[in-house]
Amino acid sequence: MRQPKIIIVGGGLAGLMATIRAAESGIPVDLFSIVPVKRSHSVCAQGGINAAKNQKGEGDTTDKHFDDTIYGGDFLANQPLVKRMCEAAPSIIDLLDRMGVMFNRTPEGLLDYRRFGGTLYHRTAFAGATTGQQLLYALDEQVRRHEAEGRVKKFEGWNFLAAVIDEGRVCRGICGMDLRSMEVRTFPADAAIFATGGIGAIFGRSTNSVVCTGSAQSALFQQGVDYANGEFIQVHPTAIPGEDKLRLMSESARGEGGRVWVPRNPAEKRGPKDIPESDRFYFLEEWYPKYGNLVPRDIATRAIHRIVYQEKLGLDGQAAVYLDVSHIPRETLHRRLEGILEIYEKFLGVDPREEPMKVFPGMHYTMGGIWVNGEDQTTNVPGIFAAGECEYQYHGANRLGANSLVSCIFGGGLAGASAVKYVKNLEKGAEATAQAVYESERKRQEEKNQKLISQEGSENPVTIWRELGDLMTEHVTVTRINKNLQAAHAKIQTLEDRYKKINLSDRTRWSNQTLNFARELENMLVLSRVITLGALARNESRGAHYKPEFPDRDDANWLKTTRAKWVNCDVQLAYEPVDISLIKPRARRYDAAR
Amino acid sequence: MAETKKVLIKIKRQAGPQEPSRWEEFSLNWRPSMNVIICLRDIAENPVTSSGKKTTPITYDSNCLEEICGSCAMLINDKARMACSALVDHLDQPIRIEPLTKFPLVRDLSVDRQFMFDSLKRVKAWIPIDGSYDLGEGPRVSPQVQAKGYPLSSCITCGNCLEVCPQVNEHNQFVGAAIISQVRLFNIHPTGAMNKRERLEALMGPGGVQECANAQNCVKACPKNIPLTESIAEVNRDAWKQALLGWLLG
């Protein structure tokens, strides 16, 4: 009898959950990851995971979680699957609890919950301020158990290069590169689940980890896997600026009572502790009295930009505002926020328990991603599934804080189950695929490497990458202006031309990170055009996508999903309706009661 | 015009496990808030030594850059630490950077820490749940147990505690403090405690907890301030108790 196999690419929360589901069902899994899976970017998630458990007697329900998520996402998400996710969230918390996650507890030994942005309920379970780390480790441990018992084989230190797609347009495996030996090899499988995370590197500096380049998504896109809502990029309101990365200061700081403010007087000379309350401008609290510091991220980010660039009230004239937790008792800070306060202290040398932190918005998350259907994480290419941040399904035009971890685990579990069902029902699997199909993909990829290694040129890939990042951050994040987007797109095309002339400063065949980076950069350039063109076309403002020239949401023309396709080696945009069958769109306002 | 302030950095290079090692020195333009990762990126953009010789970019491991993924451990001025949180302004120059020495070298500053992940398998560092389907809530856990367990579960598997341990050497297979501390974590969890015995047994053979010679370097090298020596003491006590009990009961 045929023994099907599933490949999973990506070992963060979504990939690990998919692995667990597939392994449990008895289907062997090959798990690929650039880094040891325990070092995946999910480890950086801080504040918590949402589930309407209603453990504070507030009358919270999964329906309210569903409504907050759809409303927070400005009605761009297809609704039925979001509803299923919110309904599943409490049982996801139970599962993580059973896996031994060291969640914070109430005196009775129950899970504690805190508030997060875009909701009025205490709905966020947490483990200090390192919830992502704790969740990732729990799933990592379960996968290690499956590995020890022979159901999972890990390929850590491999990068994904391409899917192997046969002449019938069905995925039959993948092509990867061993990042030590630089060997290019194909791996047959009956289905491949992609859980390859974020795309922060396209913006140069972001809150994302180094491996979050979007390279895998882009490679798939160039093989005909559609990409949806690419223009929706979340800029987190509170990050610590840095030259190598923007270090996140979790929304949980505000969930625990942290306040955002600037001195009312732009020429203020006193230190923050010497400024009396009356001279402080708590602008989020004044502008949004109902939600205060816990407005959704797109709203808070635009408010901070307004304070800095229009009101000219940035700290010392710089692009920064205060995030203040210094009024919260030290013991509370220790129990509930220690992880992030340590980051601030370690990297800035200032104790945030004493002094307000200086923060500014930073690129954080992509709501857009690989197109999947509204039922089971299936892409438009049979045999290819996607889950986690790399797909677009759950967050509409803006993601609510603490919804990413739940969407990773829900989507990952669903993708695992769907792939199992798919491979069991396949009439012919990878074993019936001609060897030539694999060999031609391997050759194509090997030739790319050979060309990069041997070509003489004048361009350095790191320089092109820096320029791309600066360009994207300036024109394709918080405020989008059509003529700037057009110019940005033209500039990316010149970067693509320059890319053809890159010269690798390392031409060896052992652990050559320059070669791998060059390959990823090519894919980043393509995906950056998908994002920019999507933003240029969408003449409205919705969630994280804001155009001063078109300041309002335009449901009549733009309540639709952008679906980018790769046609004749170029980006082509198509649109499809959003499933709004459960909640009728209404105006989104956080300054007043709904 | 004043000369730009420079950062001097010396890096131990090695093209592969079988290749000879050599030192290279680089002179970089100083900027505020530089860390070692930024230095390595500067070199990648312009791989030229301070004597003007063209070279290759440095191979190194890194990912989160906020000291939580555990990737970028290396020896910086002879100290095992994370490169992302090693701020240039706090380091004596020339900054000397070498790979960790207790793990097989891959290339330059990149090493293979698979031994640690294999050790986690050896001690069964997980809660053996029945399945991922919905089986209701987990056990209640007191805030006191959580307060004890949470710091233990913040281990980032960086390997610094093994690097500084004199007992981790070519003559034995000591699993090291990080792994022992994980055994303690799973043994204090209400469900994990059901398999406490299995984990302790896994730590009693060669390379187990008895190899610790109490140098106490581990706890000082841990970037996450995990009470590693406490973990070793507690697990050691439990292991002896179990061995004695086994002997008494025949």
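Predicted model: local features only at pLDDT ≥ 70, side-chain atom pairs only at ≥ 80, totals over all residues.
1. Chain B, overall. Chain B has 250 residues, and 46% of them count as buried. Its secondary structure comprises eight helices and seven strands. Along the principal axes, the C-alpha atoms occupy a box of roughly 80 × 40 × 30 Å.

2. Chain B, contacts. Take the contacts in chain B with a separation of 6 or more. Of these, 63% join residues 24 or more positions apart.

3. Helix α3 of chain A, length. This helix covers residues 79-98, 20 residues in all.

4. Helix α3 of chain A, kink and end. The axis of α3(A) bends by about 40° at A:A89. Just past the helix, A:G100 adopts a positive phi of about 100°.

5. Helix α3 of chain A, burial. Is α3(A) mostly covered or mostly uncovered? It is mostly covered, with 14 of its 20 residues buried.

6. Helix pair in chain A, geometry. Two packed helices are described by the angle between their axes and the distance between the axes. Here the pair is α12 (residues 461-475) and α13 (residues 482-499) of chain A. The angle is about 170° and the axes are 10 Å apart. Angles over 145 degrees count as roughly antiparallel, and α12(A) and α13(A) are therefore roughly antiparallel to each other.

7. Helix pair in chain A, residues. From α12(A), the contact takes A:I464, A:E467, A:L468, A:L471 and A:H475. Their counterparts in α13(A) are A:N484, A:L485, A:A488, A:K491, A:I492, A:L495, A:R498 and A:Y499. By class, this contact has eight nonpolar, two polar and three charged residues. As background to the spacing, an α-helix has 3.6 residues a turn, so residues three or four places apart point the same way.

8. Contact between chains, extent. Chain B contributes 56 residues and chain A contributes 56 residues. On the chain B side, α1 (36-45), β6 (105-107), α2 (114-122) and α3 (143-152) each supply at least two residues. Which of the elements gives the most to this side? α1(B) does, with five residues.

9. Contact between chains, composition. The side of chain B that touches chain A has 22 nonpolar, 24 polar and 10 charged residues.

Key
Residues numbered from 1 in each chain as written. Chains lettered and ligands numbered in written order. Helix = DSSP H or I, 4+ residues; strand = E, 2+ residues; numbered from the N terminus. Buried ≥ 20, exposed ≤ 12 C-beta atoms within 10 Å, placed from the backbone. Contact = placed C-beta atoms within 7 Å. Expected span 1.5 Å × (residues − 1). Bend = angle between axes of the 7 residues up to and from the residue. Axes fitted to C-alpha atoms, helices over the stretch in contact; angles between N-to-C directions. Parallel < 35°, antiparallel > 145°, perpendicular 65-115°, else oblique. Nonpolar A, V, L, I, M, F, W, Y, C, P; charged D, E, K, R; others polar.
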